Each structure stands twice: as C-alpha cells, then as structure tokens.
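Subject: Structure handover

Hi,

Here is the structure for you to look over. My notes on it follow below.

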Amino acid sequence: MSEELPPSDSAGREAVDEVRATDADAWATACAEDLAAEKARRRADYGPPPGSAAEELRKLVDTVADKLSGFQSPLFGAVAGPAAQQVVKQVVQQAKAAVEPVIERNPDVFDHLAAAGNELFAAYRSAVEAQERRWTTGGSDPRDLDEGRPDKGDEPGPGERIDLD
C-alpha cells in the first residue's frame, strides 16, 4: 500500500483550491469596487469628507489670518492705518508660526480633543433636552416630590424650618 493519494484525487483538490482562491479574490475585488463606488457617490452628494482635526485647525488659522490681514478699520484712521495694518499682519504671522509646529508635532492630540469635545457636547445636549422636556411637558422633577409630604420641621437634617405664623 502506498501513502500517496491517487493522481485524479489530488488534481481535483488542486482545482478546488484554485477555484476557492479565485472566489476569494473575486469577492475582495467586488467589495473594493462597491466601497469605491459608495465613496464616490457620497463625495458627489456631500462633498469631500472633512480632514483630520489638525487639518481643520490649520484651515481655520489660515482663514482667520487672511480675514484679519485684509481687515481695514476706520478706528485706525488715515494716518495710523498702514502702520496698524502692518502690525496686525505681523501679529498674525507670529501666531501662525507658533501654532504650525504644534499642529505638526501633535496631529493626534487634536483628533482626541475633537472627540472629547463631541462627547461633552452630546452630554450637554442630553441634559438640556431632558430639562426642556420637563419644562414643556409639565413633568415632575424628583425634587418637587417633597412638596406633598407633611411638614419637615421635626425631621433631622442640615436645616430647620421655622414657622413664623
């Protein structure tokens, strides 16, 4: 008895393995094509996706710097106008020079700060919505449940109710 498999069986297994490999490649290719098509559709519908928080901060700094540099105020007057404009441009350039290295060294920090800000905003929104719901529906606040109870003057506690009648 031989330990080798019959030649027809081994050829069949290789063919099955080859078919499975091409099926896996076809599936991966189809998924990649679908993903690319979906991204293109979303880009067409909603515009380009926002960049990282560091890129967005850089865009904000550039926009603010451009606006401040082009800002002409009547408060400066005709005489001080050009000199004040030069001072504003210099301050803007110094601010950009100070912010740019921080953004370059720590781009992930800004992503984490943006995520934390989103979490804080969600918590604030939840608290405000709950309060607004109580105000608009006339729902009871747990602190208002004490009003139906008898006089709390005899109960021990940090304060004492004094009846002046």
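On one side of H2, Asp-66, Lys-67 and Gly-70 are exposed, where exposed means over 50% relative accessible area, buried under 20% and partly exposed in between (1.4 Å probe, protein chains only). Ala-53, Ala-54, Ala-65 and Ser-69 of H2 are buried. Down the axis of H2 these buried residues fall within an arc of 135°, so they line one face of the helix. The arc is that of the directions from the helix axis to the C-beta atoms.

Before the rest, some ground rules. This is a predicted model, in which local features need pLDDT of at least 70 and side-chain atom pairs count only at pLDDT 80 or more, while totals for chains, interfaces and linings use all residues. Residues are numbered from 1 along each chain as its sequence is written, and side-chain values use heavy atoms, with hydrogens and water left out.

**Confidence**

pLDDT is the predictor's confidence in each residue, from 0 to 100. The protein chain averages 75. A score of at least 70 is reached by 65% of the residues. Confidence is highest in helix H4 (residues 107-137), at a mean of 89. Helix H1 (residues 7-46) is lowest, at 75.

**Overall layout**

The protein chain has 4 helices and 0 strands. Both are DSSP runs, numbered from the N terminus: helices are H or I with at least four residues, strands are E with at least two. Along the sequence the pattern reads α-α-α-α. Of the 165 residues in the protein chain, 7% are buried.

Two helix lengths were checked. The expected span is 1.5 Å times one less than the number of residues. Helix H2 (residues 53-70) has 18 residues and should span 26 Å; its end C-alpha atoms are 26 Å apart, which agrees. H4 has 31 residues and should span 45 Å; its end C-alpha atoms are 45 Å apart, which agrees too. After H4 comes Gly-138, with a positive phi near 70°.

**Salt bridges**

A search of the whole structure finds 7 salt bridges. The criterion is a side-chain nitrogen of Lys or Arg within 4 Å of a carboxyl oxygen of Asp or Glu. Side chains of opposite charge can pair when their charged atoms come close.

In H1, Glu-38 and Arg-42 are 4 residues apart, separated by about one helical turn. They form a salt bridge, with the closest N and O atoms 2.9 Å apart. Glu-38 is partly exposed, at a relative accessible area of 29%. Arg-42 is also partly exposed, at 46%. A network of salt bridges links Glu-38, Arg-41, Arg-42 and Asp-45.

In H2, Lys-59 and Glu-56 sit 3 residues apart, about one turn of the helix. Their side chains meet in a salt bridge at 3.6 Å, N to O. Glu-56 counts as partly exposed, at 32% relative accessibility.

Which residue does Asp-62 pair with in a salt bridge? The partner is Lys-96, with the closest N and O atoms 3.3 Å apart. Asp-62 lies in helix H2 and Lys-96 in helix H3, so the pair ties together parts that are 34 residues apart in sequence. Asp-62 is partly exposed, with a relative accessible area of 30%. Lys-96 is partly exposed as well, at 24%.

Gln-93 lies in helix H3 (residues 77-105). At 47% relative accessibility, Gln-93 counts as partly exposed.

Gln-90 and Ser-69 are 21 residues apart in sequence and 9.0 Å apart in space, C-alpha to C-alpha. Gln-90 is partly exposed, with a relative accessible area of 47%.

**A nonpolar patch**

Leu-60, Val-64 and Leu-68 form a nonpolar patch on the surface. Together they have about 260 Å² of accessible area, by the Shrake-Rupley method with a 1.4 Å probe; for residues, only the protein chains shown count as cover. Patch residues have over 30% relative accessible area and no salt bridge; like charges are joined within 9 Å, and nonpolar side chains (Val, Leu, Ile, Met, Phe, Trp, Tyr) within 5 Å. Val-64 lies in helix H2. Val-64 counts as partly exposed, at 41% relative accessibility.

Best wishes
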